[in-house]
Protein chains: 2
Amino acid sequence: MRKVGVVGIGHTKFGNLSDYELVDIMAYASLNAMEDAGIDGGIDQVMVGNMGAGMLNHQTGIESALVSTLNLEPAMAELVSNGPASGSSAFKMGYMAIVSGMADVVLVTAGEQMRRITGWEATDFVATLSHPEVEYPYGLTLPAFAAMFTRAYMAKYGLTERQLSLISVKDHLNAEKNPFAHVQLPVTMEGIADSSHASVVNSYVSEPLRLYHMCPVSDGAASVVMCAMDGAARFKKKPVRIAGIGSATDTHCVHNRKDPLDLKAVRLAAETAYKMAGIGPKDISFAELHDAFVILELCLAEEVGFFKKGKAIEAIEKGETEVSGRLPINPSGGLKAKGHPVGATGISQIYELVKQLRGEAEKGRQVKNPKYGLAVNFGGFGNNVVATILAKE
Amino acid sequence: MRKVGVVGIGHTKFGNLSDYELVDIMAYASLNAMEDAGIDGGIDQVMVGNMGAGMLNHQTGIESALVSTLNLEPAMAELVSNGPASGSSAFKMGYMAIVSGMADVVLVTAGEQMRRITGWEATDFVATLSHPEVEYPYGLTLPAFAAMFTRAYMAKYGLTERQLSLISVKDHLNAEKNPFAHVQLPVTMEGIADSSHASVVNSYVSEPLRLYHMCPVSDGAASVVMCAMDGAARFKKKPVRIAGIGSATDTHCVHNRKDPLDLKAVRLAAETAYKMAGIGPKDISFAELHDAFVILELCLAEEVGFFKKGKAIEAIEKGETEVSGRLPINPSGGLKAKGHPVGATGISQIYELVKQLRGEAEKGRQVKNPKYGLAVNFGGFGNNVVATILAKE
């Protein structure tokens, strides 16, 4: 089977990019990735990862628009969507395009623009992922799902709100050193929990989750150039190898799961990726885990086999998941602080894996000698998950 | 390279399905396809083709919702979008999934629900494919593009409105025998052209195009089960082989093309598909061509090499493209009369190719001993085109 690598990466600043057009934001990230790879053309296929340009930008066909903006015609172009895991799904499709021989060089660019709409509209937009008859009408937005999930986890494993905040503090520390991060603002345990001085910031969004327990609403894009490893020598940068990709679905409705705390799709996606890579959780040097809500960083770390169920928080308390720790998690700042332009997140995670594996991360957040990086991108409330393992050659 | 075949097909009635949920419509087509293949599970990957569930249904993540409705968890699932060519793009991705070894059995289901909104909203919805700054604000909807294109073709090749209507008459005749067709109503030359008795029906929508020169606004879904040929024996039906797939983009904006009558992406997509199949236009027994506007049936037939430029109409006048003719085109009734639920169309075309190649089409519209069928699915106004060739084994 054909081996595939990443030879170029690009990223926009995450944050409020309302002044720009979505396709231009994506073009910016794409040109960055192509420049990094040392090319200005020769792309066979463009895969766009996006969740909601139709709803958010009143625009469709952005895959064709992007090709044209980049003068890449007649490159093939498709848009791949899978909710907040759209980016990783587009990456998976780019991988398949190369392995199948349909393409030799693929540009995968993922982006989302969520700041032109109001906060409520953004919550509504993401909630279109829920079931339109038995979830959505009952107010089951994503923060509501996450809050209930957190409550159940707290009840079962004794997790406290203080412990939850430890994850936020770590993520914000990492994001402060990441120039692309949306929120480059250190937060303190006291700042997150103290409700006395700024109620907007500190009040509960969905109890027990406060504002700093969840990701901001962001615009942004990220991009990678992928190629067959046997043709990688002609690019400027040494390739980072795609070692494993796995994806899996779970019941669309959370209430249909036997145990709502059991994130089966995460486990299955990771297992498939490990199997393909021929490695196990112990071989992973660092991970980017989909912490749209900080509880997910903790639970995903358990589901992918880093820690036993209920035990991740001990490692977090000990600092093991900090950049300088035994197993750094979200050295980018994670969705929590780097930001979460939904469709873009999967490729932003891959961007971070490549950057770290190349040893190019900024001072203070470069993981020491990483060999394997794992990214987990979480769609719906765990109903469609993609896990990707990249390896240093 | 792994060979891939289609072993199951399913289709809903095209028309007004507003009473049903989109995912249920897609589930219906999927269950049809699975029943046709003789399976009730064992799907590794679900590919959903859809253009606008976010805008039209205020729902996202329909790929995960479909998996759950069909009890196919933990099958992988992605949504693939490429405007009105979304169905074929999903099919292409399904093909890549199998050739790459990521999946052995793939369900590709494409659907769209466009009748819950008003006619104007439907026109607006499709026009989101145009450029948001230099096309859309100037009223360049898809009927306007098609009308200008038709005018230019008429000026260059002397095509008349009467000749254009010949295509409509043929398509409606075929659709009358297709139980899934939206408009099962024979139309006459006089009926199309005579403006005296029913102005709504006969007036120009966008001069020189009248109502019966363009497709209706439809709901519907279609589905196929694909598998690796080496594993095809365990299914109920004999596989139809995927011989060639090609896709290509052209400039996003029509005004950036040197010659707007030159549908380059159609030509390139077809050439790639022919090359992969190891055949040429002369080997094609029949074709499903994307006639959202009847002018496109004519121009696509020329671009894929069936006729010289400006000459297709002679063959149409002689009846060569009728079901009983030398080279039947749109035996299904085409988008014109079968209907065009945009995202569904590509898979509906594939459905028709398989049905014809199996010899299972209804009486009066079965092509005689077909060996190769070609489908062309047209995205934007020709800015992203997918061509697929299926072969009888």
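**Close-up views of a two-chain model**

**View 1. Strand S10 of chain B is mostly covered.** Strand S10 (residues 372-379) of chain B has 8 of its 8 residues buried. Keep in mind as you look around that this is a predicted model. Which residues point which way from S10(B)? B:Tyr372, B:Leu374, B:Val376 and B:Phe378 go one way, while B:Gly373, B:Ala375, B:Asn377 and B:Gly379 go the other, and all of them are buried.

**View 2. S10(B) has partners in S9(B) and S11(B).** Start with strand S9 (residues 286-289) of chain B: this strand runs parallel to S10(B), and 4 bridges join the two. If you want one pair to find, look for B:Phe286, whose bridge partner in S10(B) is B:Gly373. Now turn to strand S11 (residues 384-391) of chain B, which pairs with S10(B) in the antiparallel sense over 8 bridges. Here B:Leu374 has B:Ile389 in S11(B) as its bridge partner. S10(B) and S11(B) form a hairpin with 4 residues between the strands, and B:Gly380 in this hairpin takes a positive phi near 55°.

**View 3. Helices H7 and H11 of chain B cross at roughly 95°.** Two packed helices are described by the angle between their axes and the distance between those axes. For helix H7 (residues 161-176) and helix H11 (residues 294-303) of chain B, the axes come within 8 Å and cross at roughly 95°. So H7(B) is roughly perpendicular to H11(B). Which residues do the meeting? From H7(B) there are B:Leu164, B:Ile167 and B:Ser168, and they meet B:Val294, B:Ile295, B:Glu297 and B:Leu298 of H11(B). Sorted by class, the residues of this contact are 5 nonpolar, 1 polar and 1 charged.

**View 4. H7 and H11 of chain A also cross at roughly 95°.** Hop over to chain A, where the axes of helix H7 (residues 161-176) and helix H11 (residues 294-303) come within 8 Å. Their crossing angle is roughly 95°, which means that H7(A) is roughly perpendicular to H11(A). A:Leu164, A:Ile167 and A:Ser168 sit on the H7(A) side, and they meet A:Val294, A:Ile295, A:Glu297 and A:Leu298 in H11(A). This contact has 5 nonpolar, 1 polar and 1 charged residues.

**View 5. Chain A meets chain B.** How many residues are in contact here? The count is 49 residues of chain A with 49 residues of chain B. Several elements of chain A give two or more residues to this side, including helix H4 (86-99), strand S8 (240-249) and helix H10 (264-277). The largest share, 6 residues, comes from S3(A). By class, the side of chain A that touches chain B has 21 nonpolar, 23 polar and 5 charged residues. Zoom in on S3(A) and you'll see that it pairs with strand S3 (residues 76-81) of chain B in the antiparallel sense over 3 bridges. A:Val80 stands opposite B:Val80 in S3(B).

**View 6. A rotation of 180° superposes chain A on chain B.** The shift along the rotation axis is 0.0 Å, and the RMSD is 0.0 Å. The two copies are therefore related as by a two-fold rotation axis. The same surface serves both copies, with 100% of the contact residues of chain A recurring in chain B.

**View 7. Helix H3 of chain A is mostly covered.** In H3(A), 7 of its 8 residues are buried. The buried ones are A:Ile62, A:Glu63, A:Ser64, A:Ala65, A:Leu66, A:Val67 and A:Ser68. After H3(A) comes A:Asn71, with a positive phi near 55°.

Note on methods: Residues are numbered from 1 along each chain as its sequence is written. Chains are lettered from A and ligands numbered from 1 in the order in which they are written. This is a predicted model: local features need pLDDT of at least 70, side-chain atom pairs count only at pLDDT 80 or more; totals for chains, interfaces and linings use all residues. Axes are lines fitted to C-alpha atoms, for helices over the stretch in contact, and angles run from 0 to 180 degrees between N-to-C directions. Angles under 35 degrees count as roughly parallel, over 145 as roughly antiparallel, 65 to 115 as roughly perpendicular and the rest as oblique. Two residues are in contact if their C-beta atoms, placed from the backbone, lie within 7 Å. Ala, Val, Leu, Ile, Met, Phe, Trp, Tyr, Cys and Pro count as nonpolar, Asp, Glu, Lys and Arg as charged, and the others, Gly among them, as polar. A residue is buried if 20 or more other C-beta atoms lie within 10 Å of its own, exposed if 12 or fewer, and partly exposed in between; C-beta atoms are placed from the backbone. Two strands pair if DSSP finds at least two bridges between them. Copies are superposed by least squares on the C-alpha atoms of residues with pLDDT of at least 70 in both.
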